[in-house]
Amino acid sequence: MGVIDICNPSLFFIKSNGNRHQSLVSFEGKQRTVISMASTMPLEHVNQYEPKLKGDSFIRPHLRKLSPYQPILPFEVLSAQLGRKPEDIVKIDANENPYGPPPEVNEALGSLKFPYIYPDPETRQLRAALAQDSGLESDYILVGCGADELVDLVMRCVLDPGDKIVDCPPTFSMYEFDAAVNGALVIKVPRNPDFSLNVDAIIDAVEQEKPKCIFLTCPNNPDGSIINDEELLKILALPILVVLDEAYIEFSGVESRMKWVKKHENLIVLRTFSKRAGLAGLRVGYGAFPLSIIEFIWRVKQPYNVSVAAEVAACAALRNPAYLEMVKGALLQERKRLFKLLEEVPFLSPYPSHSNFILCKVESGLDAKKLKEDLAKMGVIVRHYNSKELKSYIRVSVGKPEHTDALIKCLKCFA
């Protein structure tokens, strides 16, 4: 980027004492030219004829058409809307970990020594802990304010306005949203009826549309399906950057592909502490990048993007792997129980899931959106989507056994 000098010392105005007449004087070489100009109108008279400047005129045109992202509501807002205490609400709509973080996290947050000092811009302690946890050297790892920030950083590094990405709906809607924010076009390759990837259609789209990158989720949100090695390798063989979101990988029984970034220059793998460690409220995500890419992610990220509290909490969570495994085991056990109970609900058809949620098709003439709203009035919050592909579905997060019991009790009211 250059700097434009708008100063021109060869031009200036001469005003008369009465400020009713002005001349433009131009010096060119040794000659002087005086151009007489008409008398000026008083400012208050001019302003009434000029159109008023509107703030949104400064906004980039494509952003004026952007639909806002629809986030999940927190307990405090739900409590006010439903007229219920937070503890009386069964919140199973956002795939949050109901057990929360290990006790070491609260202890660490309660004993912060230097909250008044800016955080480490390279999150060295956390990256070292993640290297030990993942088996991948810290040089390949970068931490963000949630994996969402890393999605945006990748797009900012890779996409010019008008570039294309491949999206495979139904999936995490943040990819399409961030693409719109960055002025990119979205090539949609719908999934198969069982929510598996249509790999042949992806290959065709890459050949025909020449997109820059593709965003994949394993397990996929909202259905919990996984991507096997054969499918992923086929996509990695294409001339496209593959961003693999592993936000729910801990619940899948599938090994993370973080180490693959050392062999595949076109692979980025994203992870999060939100689900595994119960730190959704502190926003800690991380990614594994090829060294040829991570250099540029470091350049564009904000220097203090991860707070002191977030880094301390994440490090503390990793110091208690036994707790993380115990919680994962409890959620997997409850997922099995929840799925079996949902199968017994006559108007729901649940899909097998490798994650901490279960997607259900609402049948027997019931309206999925109304079902969601009626459950909310009973204090049970599930997820419904307005998209064309998912308007007949609800998604239920796996919670504690008492959350499952409350949900099933309410669902029996509609049978």
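Predicted model: local features only at pLDDT ≥ 70, side-chain atom pairs only at ≥ 80, totals over all residues.
A contact here means heavy atoms within 4.5 Å.

Numbering starts from 1 along each chain as its sequence is written, and side-chain values use heavy atoms, with hydrogens and water left out.

View 1. Helices (H or I, at least four residues) and strands (E, at least two) are DSSP runs, numbered from the N terminus. Of the 415 residues, 44% are buried (under 20% relative accessible area; exposed is over 50%, partly exposed in between; 1.4 Å probe, protein chains only).

**View 2. Lys 275, a buried lysine with no salt bridge.** Lys 275 sits in the loop between β10 (267-272) and β11 (285-288). A salt bridge needs a side-chain nitrogen of Lys or Arg within 4 Å of a carboxyl oxygen of Asp or Glu. With Lys and Arg counted as positive, Asp and Glu as negative, and His and the chain ends not counted, the nearest side chain of opposite charge to Lys 275 is Glu 96, 7.1 Å away. Leaving out residues up to four places away in sequence, Lys 275 touches Ala 94, Asn 95, Asn 97, Ala 247, Tyr 248, Phe 251 and Asn 356.

**View 3. Arg 276 and Asp 133, bridged with closest N and O atoms 3.0 Å apart.** Arg 276 is in the loop between β10 and β11 and Asp 133 in helix α5, so the pair ties together parts 143 residues apart in sequence. Arg 276 is buried at 17% relative accessibility, whereas Asp 133 is partly exposed at 36%.

**View 4. Arg 257 and Asp 229, meeting in a salt bridge at 2.7 Å, N to O.** Arg 257 lies in the loop between β9 (241-245) and β10, and Asp 229 in helix α9 (residues 229-236), so this pair links parts 28 residues apart in sequence. Arg 257 is buried, at 2% relative accessibility; Asp 229 is partly exposed, at 40%.

View 5. The closest N and O atoms of Asp 93 and Lys 91 are 3.0 Å apart. Both Asp 93 and Lys 91 are buried.
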